[in-house]
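Student: Hi! Could you walk me through this one while I have it open in the viewer?

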Amino acid sequence: MSISLYRKYRPQDFTSVYGQEAAVKIILNSISKSRIGHAYLFSGSRGCGKTSVARIFAKALNCTNPKNFEPCCECKNCIDITAGQSLDVIEIDGASSNGVDEIRELKSHVALTPFNSRYKIYIIDEVHMLSTAAFNALLKTLEEPPEYVVFILATTEPHKVPVTIRSRCQHIPFHSISPENIFARLNEVCKLENIKAEADALWEISRQADGALRDALSLLEQVIAAGDVTLKNIESMLGAGSRPEFERYIIKIREDIASAYPEIKKMLDAGATPLRIFEEIFSLVKDLWLSSKYPDMIDTLGISEQDRDFLKSESKQWPVKRLQRILNALVKIMAQAKSGIRQDILAGLFVFELEKSENEPEQIQSQRQHFNQDRPLARMYVSQNTQALNTQPQIISDNNEKNETQKNSQSFTELNTLLNISPDDYDPVLSEKIINTAHEKNFVVYCGLIGSKAATRENKLVIMFDNEYAFTVMKLFVNSSEIKKMFSDYSEIIFNFKGNIFKCAGDVKNSADSNSSSQGVQKNITFENFETAPLPEQQTQIIKTETRRSISGAEKFIDELKRLGVKAEILIKKHADESENDDDSEIDNNINSDNDNEESDQN
């Protein structure tokens with residue numbers, strides 16, 4: 001009976017170990033400096049050489065004729081350890097011998113001195129499979145073994161090893177072996193076996209091994225049994241799905257997405273597992289994305305020359321955003337492939353996700369246009385020919401929403417065209433001056449202008465707001481007129497919020513004075529503190545029309561906050577002026593009554 005390739009070509013010394021330079025260096029340094037630990041934990045993925053290095057380590061410790069701290073592989077100890085016949089090197093399978101009784105038996109033999117070696121070495125493979133009781137039984141012995149005992153624990157899942165065990169070991173991590181190292185080892189084995197192999201075939205085996213050299217040697221042995229080591233034989237053995245085949249598939253998707261379904265269905269029918277197919281497609285698209293976005297990264301991907309040439313030529317044909325959308329679609333499909341869905345349904349879902357990813361930019365653009373053009377608008381327009389406090393808010397009906405949006409868009413275009421204002425034109429010095437002036441003259445306006453930016457064009461003042469609430473409140477006549485009065489040096493004052501334009505029109509000086517005298521705007525009321533809750537999720541709400549009596553400017557501001565659905569607490573400082581006490585108390589009563597109504601509604 002022939003010996004399997006992975007057993008026949010198992011490394012026998014440290015120089016034969018592929019892809020684990022860091023781990024080998026640590027072990028060699030500890031041997032050369034005579035700093036041998038009492039326990040080691042080797043962790044890494046399957047087939048990366050943990051057990052092989054553990055055996056080499058054991059030979060190096062017990063070799064009677066070492067060469068540069070390497071085992072000679074010729075003395076009796078080395079030969080016995082290689083054959084698995086050494087009485088001083090005990091290998092235990094943690095998966096099968098995982099009970100507390102096996103560990104107790106191990107403890108009973110630990111105290112015995114080695115038969116004919118310097119060290120007694122215990123190699124426990126898959127140590128994470130031990131039971132909790134077995135770990136507890138091993139704990140004390142592992143912490144303070146005799147000076148001639150060395151434990152080497154190997155595991156693929158170090159996180160399952162209790163921290164009390166890990167803390168007593170020197171943890172040496174093993175890494176997945178790169179495709180380049182696997183390819184080099186396969187090429188070497190083929191030469192030793194006098195087997196002719198195509199380079200593309202060996203590269204395909206290296207990719208399929210997924211970082212495990214043992215898997216690569218097993219796969220190579222299967223291909224040898226099937227015939228020549230060619231890419232065609234590998235595709236036949238794997239049930240289709242080689243790298244060149246996926247490269248051809250990617251080209252077909254780019255040229256005609258309609259070919260995605262029959263081609264993927266053909267791969268599935270050939271016997272390849274769905275998860276493997278989609279993982280391979282993801283790996284190729286990932287390489288394309290990296291090559292397209294970072295051209296200098298191609299040499300670090302661990303691929304053959306043929307694959308490099310493909311990526312360099314094909315990455316120029318793909319937009320980066322499109323590749324990102326395909327990767328997102330593949331992530332969804334790989335999650336569904338694990339659930340055992342029928343292959344034809346899975347192929348249909350894959351094509352559906354591809355088609356969805358192709359149309360995504362159009363869908364997003366359509367949604368944006370729909371949001372900008374068809375969302376409900378709740379705009380208040382105050383007539384300039386009537387007194388502001390007696391004017392009822394006008395609500396734009398659903399039939400006029402699109403017209404109003406177009407009107408605002410035209411106004412915004414007109415503003416940009418006539419005034420030639422861009423976001424960079426807003427002056428921070430002027431903005432700070434505007435806000436400071438408002439702070440001195442009107443605290444409510446100051447609060448509304450916080451965070452806004454200002455610019456001037458042709459003696460016109462343009463104020464850009466950063467949130468809709470401040471924009472809406474400052475449009476109220478009592479506030480816009482106050483702003484116009486504060487900055488009367490400008491011929492026109494324009495509010496701007498994301499393309500929504502509002503112009504403070506009319507001779508505000510005269511109208512404001514007349515309104516103040518006729519409606520009794522209270523001048524001595526000041527606002528000391530004022531906090532606003534965030535806007536509701538719906539940015540625009542229909543404002544219910546309600547008959548209002550003539551009230552003061554401060555009370556109207558409070559009322560407008562409630563109309564907009566904003567919960568605000570306003571502390572009003574009462575002055576000693578007796579003539580205004582009645583008005584102040586009336587405002588307080590209104591606030592209290594409104595709060596009571598709100599609490600009753602909540603109850």
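Student: Let's start with α19. Which of its residues are buried?

Tutor: In this predicted model, the buried residues of α19 are L430, S431, I434, I435, T437 and A438.

Student: And how do they sit around the helix axis?

Tutor: Looking down the axis of α19, the buried residues fall within an arc of 160 degrees, so they line one face of the helix. As background, an α-helix has 3.6 residues a turn, so residues three or four places apart point the same way.

Student: Nice. What does the face turned away from the buried side carry?

Tutor: Exposed residues: P428, V429, E432, K433 and E440.

Student: Good. Switching topic: in what order do the strands of the open sheet come?

Tutor: There are five, ordered β2-β3-β4-β1-β5, with parallel pairing. At the edges sit β2 (89-93) and β5 (170-173), each pairing on one side only. From one strand to the next, the twist averages 20 degrees.

Student: How many bridges link β1 and β5?

Tutor: Four, in the parallel sense, with β1 being residues 39-43. Y40 stands opposite Q170 of β5.

Student: Which helices cover that sheet?

Tutor: Helix α5 (residues 100-110) lies across β2, β3 and β4, at about 165 degrees to β3. Helix α6 (residues 132-143) packs on the sheet too, touching β1, β3 and β4, and its direction makes about 135 degrees with that of β4.

Student: Now the largest nonpolar core. Which members touch the most others?

Tutor: Of its 35 residues, those are Y249, I264, I277, F278, I281, V285 and F350. Helices α12, α13, α14, α15, α16 and α17 each supply at least two residues, and α14 gives the most, with eight.

Student: I'm zooming in on F278. What does F278 touch?

Tutor: Leaving out residues up to four places away in sequence, F278 touches I264, L330, I333, M334, A337, L346 and F350.

Student: What lies apart from that core?

Tutor: Another core, of 27 residues, including L476, I483, F495 and F497.

Key:
Residues are numbered from 1 along each chain as its sequence is written. This is a predicted model: local features need pLDDT of at least 70, side-chain atom pairs count only at pLDDT 80 or more; totals for chains, interfaces and linings use all residues. Side-chain values use heavy atoms; hydrogens and water are left out. Two strands pair if DSSP finds at least two bridges between them. Axes are lines fitted to C-alpha atoms, for helices over the stretch in contact, and angles run from 0 to 180 degrees between N-to-C directions. Contact means heavy atoms within 4.5 Å. A nonpolar core is a set of buried Ala, Val, Leu, Ile, Met, Phe, Trp, Tyr and Cys residues joined through side-chain atoms within 4.5 Å. Buried means under 20% relative accessible area, exposed over 50%, partly exposed in between (1.4 Å probe, protein chains only). The arc is that of the directions from the helix axis to the C-beta atoms.
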